[in-house]
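Here are my notes on the model you sent over.

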Amino acid sequence: MMKRRSLIKAFALSATVVSMGFAWSVQAADTIKVGIMHSLSGTMAISETPLKDVALMTIDEINAKGGVLGKKLEPVVVDPASNWPLFAEKARQLLTQDKAAVVFGCWTSVSRKSVLPVFEELNGLLFYPVQYEGEEMSPNVFYTGAAPNQQAIPAVEYLMSEDGGSAKRFFLLGTDYVYPRTTNKILRAFLHSKGVADKDIEEVYTPFGYSDYQTIVSNIKKFAAGGKTAVVSTINGDSNVPFYKELANQGIKATDIPVVAFSVGEEELRGIDTKPLVGQLAAWNYFESIDNPTNAKFVADYRAYAKAHNLPNAATVVTNDPMEATYVGIHMWAQAVEKAGTTDVDKVRAAMAGQTFKAPDGFTLTMDQTNHHLHKPVMIGEVEENGQFSVVWQTDQPVRAQPWSPYIAGNDKKPDHPVKTAQ
């Protein structure tokens, strides 16, 4: 009798465990895991942390409307800590262990280059939300930030125009990695095509996290003595703060030497006294100050999210271009999954072609049918005293991306669609 009772108890316990396991597996199957891979520590945290926050806000927004395919999105957040090899490890973890259906992440091109082989090997899907140097197309990446013809080239054309100061000499200052060096290679070739000689182009690079800009800013002033000069800044991360402070320290004003930045937005300006920087420029595809109902809602929703989740300095949070690109990318991916009826990467990839979304920038953006890049408007903004930007120039319509710059020899023979790399 005792033996029989023990057997009954054991069976009941086993049934409970199996039942609990089944319930857990059903619960897990009822969610779609979404990877969020941004540096939340290290030199890039100043720029990347807000992208994590807006991604979580967007996921909440989609879940509040019923999720995707009737399932809630479950974010899986990882911190590669501004450590480029660690990005690859975290990407592999998200795809193999966490089983993420998609990953939204990276800022620097070196982090994207680090994870690219992992996504191609495992046939994962990465949405990359930041302007970059081009010269790349992958079947496993959708690029929702700007290519050079959607940011860098128009910005330099503006600097050369009468409205932009009629610059004749160019000081190219950047952080020492692939994005600034490749962008400046393209810009140098572009400037040559406009008749600008090498003697009128200076290139200087500093390491990530660099902070002592006194000598460099002094050299900018000396270079500018040779004619109308503009600075093109591809400085990334928290180094922007000491650079702009040093410009102010040495009395450089936008009317004397305009600086156009490709990686400075509203978030980076939060830690700076912007009064001495009024009139300095940034080239993006979105600014928080854009006045339209879609953007008003986007900004208000993010401020409400920041307050509800007690984000640091919640009362003064701002939106910026890569945040908008993250927001657009997540929504477009969700639309593509609904269209495909599955999270299968190959089917979602096909469904992404031609996806559209009404963006906070005021335009209905389109994912190109072939090259995995968004058609985006181009905007030049001037720094205002309040840390915002006033748009001084913009395109009338979104511009189709040219991933392979026409100013680089041999690019006319490159395919205008992503191709599978040999494994």
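Predicted model: local features only at pLDDT ≥ 70, side-chain atom pairs only at ≥ 80, totals over all residues.

1. Take H3 and H4. The crossing of H3 past H4 is right-handed. On the H3 side, the residues that meet H4 are Trp84, Pro85, Phe87, Ala88, Ala91, Arg92, Leu95 and Thr96. H4 answers with Val110, Ser111, Ser114, Val115, Val118, Phe119, Glu121 and Leu122. Sorted by class, this contact holds 11 nonpolar, three polar and two charged residues.

2. Now look at helix H11 (residues 321–340) and helix H12 (residues 345–352). How are they packed? The angle is about 110 degrees and the axes are 8 Å apart, so H11 and H12 are roughly perpendicular to each other. H11 also passes H12 in a right-handed crossing. H11 brings Met332, Trp333, Ala336, Val337, Lys339 and Ala340 to the contact, while H12 brings Lys347, Val348, Ala351 and Met352. Eight of the residues in the contact of H11 with H12 are nonpolar, two are charged and none is polar.

3. Next is helix H6, residues 178–193. Its 16 residues reach 23 Å from the first C-alpha to the last, close to the 22 Å expected. Which residues of H6 are buried? They are Tyr179, Pro180, Thr182, Thr183, Asn184, Ile186, Leu187, Arg188, Phe190 and Leu191. Among the elements covering them are helices H4 (109–122) and H5 (152–160), along with strands S6 (169–175), S7 (201–206) and S8 (229–234). After H6 comes glycine 195, with a positive phi near 90 degrees.

4. Leucine 69 has a phi near 55 degrees, and it is found in the loop between helix H2 (45–64) and strand S2 (72–78). Serine 82 has a phi of about 60 degrees and is found in the loop between S2 and helix H3 (84–97). Are they buried or partly exposed? Leucine 69 is partly exposed, with a relative accessible area of 32%, whereas serine 82 is buried at 14%.

5. Alanine 147 is in the loop between strand S5 (141–143) and H5. Its relative accessibility is 1%, so alanine 147 counts as buried. Leaving aside residues up to four places away in sequence, alanine 147 touches Tyr132, His373, Ala401 and Gln402. From alanine 147 to leucine 374 there are 227 residues in sequence, yet 9.1 Å in space, C-alpha to C-alpha.

6. Last, phenylalanine 287, in the loop between strand S10 (281–284) and helix H10 (293–308). With 0% relative accessibility, phenylalanine 287 counts as buried. What does phenylalanine 287 touch, not counting residues up to four places away in sequence? Its contacts are Glu266, Ala282, Asn295, Met379, Ile380, Gly381, Phe389 and Val391. Proline 403 is 116 residues from phenylalanine 287 in sequence and 23 Å from it in space, C-alpha to C-alpha.

Definitions and conventions. Residues numbered from 1 in each chain as written. Heavy atoms only, no water. Helix = DSSP H or I, 4+ residues; strand = E, 2+ residues; numbered from the N terminus. Expected span 1.5 Å × (residues − 1). Buried < 20%, exposed > 50% of the residue type's maximum accessible area, 1.4 Å probe, protein only. Contact = heavy atoms within 4.5 Å. Axes fitted to C-alpha atoms, helices over the stretch in contact; angles between N-to-C directions. Parallel < 35°, antiparallel > 145°, perpendicular 65-115°, else oblique. Left-handed = near helix turned anticlockwise from the far one by under 90°. Nonpolar A, V, L, I, M, F, W, Y, C, P; charged D, E, K, R; others polar.
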